[in-house]
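The stops below proceed from the whole chain to individual side chains.

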Amino acid sequence: MSILSSVSRIATRYSAARARYRSERALLSLPIELRKDIGWPEIVVDAQNSRRIAISLSEAR
């Protein structure tokens, strides 16, 4: 594996993560009623202050 392929792989992962976070921020900026209508799960903050996306039991049904 060459250095260029390693850098390319890292750049691809970074780009995908950036797009995912940008999409998440856009969805989180919507009103909660609209997010529920499109089925976006609620965000839960755990004890370590990292965000987790969770589907509550009432939404899963």
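Colour the protein chain by relative accessible area: buried residues (under 20% relative accessible area, with exposed meaning over 50% and partly exposed in between; 1.4 Å probe, protein chains only) make up 10% of its 61 residues. The model is predicted, so local features need pLDDT of at least 70 and side-chain atom pairs count only at pLDDT 80 or more, while totals for chains, interfaces and linings use all residues. Residues are numbered from 1 along each chain as its sequence is written, and side-chain values use heavy atoms, with hydrogens and water left out.

Next, switch to a cartoon view. The protein chain has three helices and two strands, in the order α-α-β-β-α along the sequence. These are DSSP runs numbered from the N terminus: helices are H or I with at least four residues, and strands are E with at least two. Of the contacts (heavy atoms within 4.5 Å) with a separation of 6 or more, 6% are between residues 24 or more positions apart.

Select threonine 12 in helix α1, which covers residues 3-28. Threonine 12 is exposed, at a relative accessible area of 52%. A polar atom of its side chain lies 2.8 Å from the backbone oxygen of serine 8. A polar contact is a pair of N or O atoms within 3.5 Å; within protein, one must be able to donate a hydrogen and the other to accept it, and residues adjacent in sequence count only if both atoms are side-chain atoms.

Move to arginine 20, which lies over the face of tyrosine 21, 5.3 Å from the ring centre. The criterion places NZ of Lys or CZ of Arg within 6 Å of the ring centre and within 35 degrees of the ring normal.

Now select arginine 35 in helix α2, residues 32-38. Is arginine 35 buried or exposed? Arginine 35 is buried yet has no salt bridge, and the nearest side chain of opposite charge, glutamate 33, is 7.7 Å away. A salt bridge requires a side-chain nitrogen of Lys or Arg within 4 Å of a carboxyl oxygen of Asp or Glu; Lys and Arg count as positive and Asp and Glu as negative, with His and the chain ends not counted. The backbone oxygen of leucine 30 is 3.1 Å from a polar atom of the arginine 35 side chain. Beyond four places in sequence, arginine 35 touches Leu27, Leu28, Leu30 and Trp40.

Finish at isoleucine 38, also in helix α2. With neighbours within four places set aside, isoleucine 38 is in contact with Leu27 and Leu30. Isoleucine 38 and leucine 27 are eleven residues apart in sequence, and their C-alpha atoms are 9.9 Å apart.
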